[in-house]
Amino acid sequence: MVKPSVFVTRRWPAAVEAELAKSYNTTFNTDDQPLAPCQIREAVKRYDAVLPTVTDKLTAEALDAPKVQTKLLANYGVGFSHIDTGRASDLGITITNTPDVLSECTADLAMTLMLMVARRAGEGERELREGAWTGWRPTHLVGTKVSGKTLGIVGFGRIGQEMAKRAHFGFGMKILVQNRSPVRQDILDRYNAVQMPTLEDLLPESDFVSLHCPGGPANRNLMNNARFDLMKPDAFLINTARGEVVDEMALAQSLMFETIGGAALDVFDGEPRINPTLAQCDNLVMLPHLGSATREAREAMGFRVLDNLNDFFAGRAPRDRVA
Ligand code: DGY
């Protein structure tokens, strides 16, 4: 039987690449650079499946090839707001993602960011590297205690729940939740969490706000000027979701005028470009989209893509179909 042809847009962990190549006629983008729209068009014209990542913008325009060979877009990653799912569905393309396997690592990174910004770890590290540390003193880089505080979690899917687990059991935090649909009471009870009716109810009550909702047009600028104004003046925002969920100019203003305590971001609107105003804010920690960046998660993500491919080409419903 002829092996289906598969195009992988970025380099993957070696073990997964080897496994993929055994069952599929696999082409890797050896440049390991994000695909340009014309390369995406070429890929969907030529390959049975394309395996993109967050860096490939699969817009309606990019998918608009005269003849589309691709039947499956098996995304390497859980978030898929970089894919125009409506256009892909119109073209008869199935879309899958890789949930579950990165939830723990992404929540670990959100905790890292929360602790870093609360304890001013980024500022301290910068000071040391600049050779500016003059020694211990009682008033030096005094931060905020995390244990026992209130954490508002926006988006209570798998990653949001892992965040709640860490914060509740590890740090004795009170958990508030905002989610687009009602969360089952038994799930809330696991973390002694309270679901708030709206974001407007959650923000004024939270010492830390951690975003775990999807990106895409529906959540663009979810955190805007009006909502930053609702946060406590010493509260912190953590974003490991998608850059577009935060209005970055509104955030930069809130940081500069110190109407909130600080923020920590792993994702940026239009990344890897960084809004230069943000980079001037001392009370901001920034990481380069490292949420799932562990050996374990990145391998598991690859094997999860492989599971979806195997299901699809064996005529079964792929376990992680999202459109
Ligand atoms: C994810 O899995 O969504 C990561 O952010 C990488 O895309």
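Leaving aside residues up to four places away in sequence, Glu-17 touches Trp-12 and Phe-28; two residues are in contact if their C-beta atoms, placed from the backbone, lie within 7 Å. The model is predicted: local features need pLDDT of at least 70, side-chain atom pairs count only at pLDDT 80 or more, and totals for chains, interfaces and linings use all residues. Residues are numbered from 1 along each chain as its sequence is written.

Glu-17 belongs to helix α1, residues 14-23. Helices (H or I, at least four residues) and strands (E, at least two) are DSSP runs, numbered from the N terminus. Glu-17 counts as partly exposed because it has 14 C-beta neighbours inside 10 Å. The scale behind that word calls a residue buried if 20 or more other C-beta atoms lie within 10 Å of its own, exposed if 12 or fewer, and partly exposed in between, with C-beta atoms placed from the backbone. Between the C-alpha atoms of Glu-17 and Phe-303 there are 9.4 Å, although the two residues are 286 residues apart along the chain.

An unreviewed entry places "domain: D-isomer specific 2-hydroxyacid dehydrogenase catalytic" at residues 19-322. UniProt positions are given in the numbering used here, feature names are shortened, and annotations may be inferred rather than shown by experiment. In the model, residues 19-322 are 36% helix and 13% strand, and the end C-alpha atoms of the span lie 24 Å apart. The unreviewed entry also carries "domain: D-isomer specific 2-hydroxyacid dehydrogenase NAD-binding", covering residues 111-291. Here the chain is 33% helix and 15% strand, with 11 Å between the end C-alpha atoms.

Next comes the sheet. Seven strands form an open sheet in the order β8-β7-β6-β9-β10-β11-β12, and their pairing is parallel. Its edge strands, each pairing on one side only, are β8 (194-195) and β12 (284-286). Two strands are said to pair if DSSP finds at least two bridges between them. Strands of a sheet pair through backbone hydrogen bonds, either parallel or antiparallel.

On one side, β6 pairs with strand β7 (residues 174-178) in the parallel sense over five bridges. The chain gets from β6 to β7 through helix α6 (residues 158-171), in a right-handed β-α-β crossover. Right-handed here says that, with the strands pointing away from the viewer, the path from the first strand over the helix to the second runs clockwise. Between these two strands, Val-154 has Gln-178 of β7 as its bridge partner, and Gly-152 has Leu-176.

Strand β6 also pairs in the parallel sense with strand β9 (residues 208-211), over four bridges. In β9, Phe-208 stands opposite Leu-151, while Val-209 is the bridge partner of Gly-152.

Strands β7 and β8 run parallel and are joined by two bridges. Leu-176 stands opposite Val-194 in β8.

The ligand has around it Thr-53, Val-54, Gly-77, Val-78, Gly-79, Leu-102, Gly-291 and Ser-292. A residue is counted near a molecule or strand if its C-beta atom, placed from the backbone, lies within 6 Å of it. Sorted by class, this shell holds three nonpolar and five polar residues, and no charged ones. In this scheme Ala, Val, Leu, Ile, Met, Phe, Trp, Tyr, Cys and Pro count as nonpolar, Asp, Glu, Lys and Arg as charged, and the others, Gly among them, as polar.

Some backbone details remain, in loops. His-289 is not a glycine, yet has a positive phi of about 50°. His-289 sits in the loop between β12 and α12 (295-313); it is partly exposed because 18 other C-beta atoms lie within 10 Å. Asp-32, also not a glycine, has a positive phi of about 55°. Its loop runs between β2 (25-28) and α2 (37-46), and Asp-32 counts as exposed because it has 11 C-beta neighbours inside 10 Å. Finally, Glu-271 and Pro-272 are joined by a cis peptide bond with omega of about 15°. Pro-272 lies in the loop between β11 (262-265) and α11 (276-279).
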